[in-house]
Amino acid sequence: PSALHRVALRDLADGRNKVAHGHVEPELFGKSKAASDVKNLIGRIEAIGEHVILCGESYINNEEYLRR
């Protein structure tokens, strides 16, 4: 993943923490994002998930967990 993906994760984590700790109301947080921003954020988070799955599959398929 690129730097944009790291920014997306940080943005998601920061927003979640602000809501979870009561610093921002959920409705206010939701309204602070444009629909296109949310769509881009979701796309980047999905790309990170796909990357993790592909790396895991490669790790298992190539038996990288075995000591050789």
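The following conversation concerns a predicted model of a protein.

User: What secondary structure does the protein have, helices or strands?

Analyst: The predicted model contains 3 helices and 0 strands. Along the sequence, the order of elements reads α-α-α.

User: Is the protein compact or spread out?

Analyst: The protein is more spread out than a compact globule, because its radius of gyration is 17 Å, well over the 11 Å that the globule rule gives for 68 residues. Along the principal axes, the C-alpha atoms occupy a box of roughly 55 × 25 × 15 Å.

User: What percentage of the residues count as buried?

Analyst: Of the 68 residues, 7% are classed as buried.

User: How many salt bridges does that give by the count?

Analyst: The count is 2 salt bridges. In one of them, Lys33 pairs with Asp11, and the closest N and O atoms are 2.9 Å apart.

User: Where do Lys33 and Asp11 lie?

Analyst: Asp11 belongs to helix 1 (residues 3–20), while Lys33 sits in the loop between helix 2 (26–31) and helix 3 (35–61), so this pair ties together parts that are 22 residues apart in sequence.

User: Which residues form a salt bridge at 3.7 Å?

Analyst: That salt bridge joins the side chains of Arg68 and Glu63, with 3.7 Å from N to O. Arg68 counts as exposed because its relative accessibility of 73% is over the 50% cut-off. Glu63 is partly exposed, with a relative accessible area of 35%.

User: Where is Glu63 placed?

Analyst: Glu63 is found in the segment after helix 3.

User: What can be said of the phi angle of Glu63?

Analyst: Glu63 has a positive phi of about 50 degrees, although the residue is not a glycine.

User: To recap, which residues take part in the salt bridges?

Analyst: Lys33 forms a salt bridge with Asp11, and Arg68 forms one with Glu63.

Technical notes. Residues are numbered from 1 along each chain as its sequence is written. This is a predicted model: local features need pLDDT of at least 70, side-chain atom pairs count only at pLDDT 80 or more; totals for chains, interfaces and linings use all residues. Side-chain values use heavy atoms; hydrogens and water are left out. Helices (H or I, at least four residues) and strands (E, at least two) are DSSP runs, numbered from the N terminus. The radius of gyration is taken over C-alpha atoms; the globule rule is 2.2 Å times the number of residues to the power 0.38. Buried means under 20% relative accessible area, exposed over 50%, partly exposed in between (1.4 Å probe, protein chains only). A salt bridge is a side-chain nitrogen of Lys or Arg within 4 Å of a carboxyl oxygen of Asp or Glu.
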